[in-house]
Amino acid sequence: MSHTSARLLRGAAVAVAVGTLMTPCAAGPVLASPASVPAAVAAGSPSPTPSGPAVRDLTPGVARQLDGAVREVMHEANIPGVTVGIWTPGRPSYVRSFGVADKSTGQRMTPDLYVRIGSETKTFTVTALLQLVDRKKVGLDDPIGKYIGGVPNGNEITLRQLAGMRSGLYNYSEDPDFDKALTSHPQRPFTPQQLLAYSFKRPPLFPPGQKFSYSNTNLILLGLVVEKESGQHLGDYIKQHVLDPAGMKHTLFPTGNEFPAPHAQGYTVQTADGKEADAADWNPSWGWAAGAMISNLRDLHTWAPTVATGRFPDGTRMIGSATQKQRLITPETGSIKGAGYGLGIFDVRGWIGHNGSLPGYETVTIYLPSTRTTLVALLNTDTGYRSQEPSTVLVEAITKIISPAHVYNLPVSRTG
């Protein structure tokens, strides 16, 4: 495996190879007025953790602590730009941007910038699938072979196992041939069928359901199921049935390498020669249902409680109560202590949500049900630091300050 292949489109728990660190940048904060707090609805949320309410008020003193922690992580991990938002209903919020969005011009990072959200796309694709479950169009325990032909073990692997990362299918984004194809021409488009071919040429890693193994192949298959059973393109379905009802006007599923303005440039060493490049114009079709989407801070602030509770901001259900409960069953992955993975969503020490990583960008969007706290972090690099995701290092430092009983951490784990 090349030095880049294991790091493409990382998500909750995949193998990480450390690349060359980037040069330090300025990290002064850009303050913004807090985005409006969506109507977070506690009903349908996971049960509060036994450790009780554990989010500190974001007083000016705590805000200064957070500023210092973010600056320190940025300096140590050589992160060009960061935006952080923290909101708890009825309490002061924290919205800050630090550093630069564009290293060539010195443009500052600001809270309104679009970023590529990588594997957070999985939460939207699985939401679409679960809506079809509610409509009786598909069943979670149906085999994928009922909908898509040619899948290894297709008559045994269920949609539930695909959504829960327990299918055993090889992760196409770890294939050296895929890595070479992407890094040699990162603007090229990929079709879902091309992506699956990289996976299906290899035997499954283990029998379905035997263990957890994070694989983007699973989500490509689920995206095809959504398209087949809804009769719509995946992006169109997500817009009509998820984004529009949630009022998320700044989130999209691109069809090519389009990127709305204003956006942050994204810096990566996942390149053919290992040298740093700006990946903003790379075509994310290679991530498709597993990682192609774009969003911004305001919309991810809305999405965190929406996906965690299964309710839209107006209180109507996005996912039926029974289906949402199944989604939030998050058995431990076995290799990551304190972290469990459900149906396209994780629970990391009480924080419900997902992270995202693809060349040039990393994001974390999480929700703590016990206090209805939302935390969103956006970074314009994916270059690892001491064998960890830079987003994990950042959010761990933040949660050590604001929620010491619920410290977010995703230790690196090899899963295939």
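Lys-103 is positioned over the face of Tyr-267, 5.0 Å from the ring centre, and Arg-188 likewise lies over the face of Phe-190, at 4.0 Å from the ring centre. A charge is taken to sit over a ring if NZ of Lys or CZ of Arg is within 6 Å of the ring centre and within 35 degrees of the ring normal. The model is predicted, with pLDDT of at least 70 required for local features and 80 or more for side-chain atom pairs, whereas totals for chains, interfaces and linings use all residues. Residues are numbered from 1 along each chain as its sequence is written, and side-chain values use heavy atoms, without hydrogens and water.

Phe-190 also belongs to an aromatic cluster with Tyr-172, Phe-178, Tyr-198 and Trp-286. Rings of Phe, Tyr and Trp (its six-membered ring) are paired if their centres lie within 6.5 Å, with planes under 30 degrees apart counted as stacked, over 60 as edge-to-face and the rest as tilted. By this rule there are nine aromatic pairs. In one of these, the ring centres of Phe-178 and Trp-286 are 5.8 Å apart and the planes meet at 50°, so the pair is tilted. Because Phe-178 lies in helix α4 (residues 176-184) and Trp-286 in the loop between β7 (277-278) and α8 (288-291), the pair ties together parts 108 residues apart in sequence. Helices (H or I, at least four residues) and strands (E, at least two) are DSSP runs numbered from the N terminus. Phe-178 is buried, at a relative accessible area of 0%; buried denotes under 20%, exposed over 50% and partly exposed in between (1.4 Å probe, protein chains only). Trp-286 is buried at 1%.
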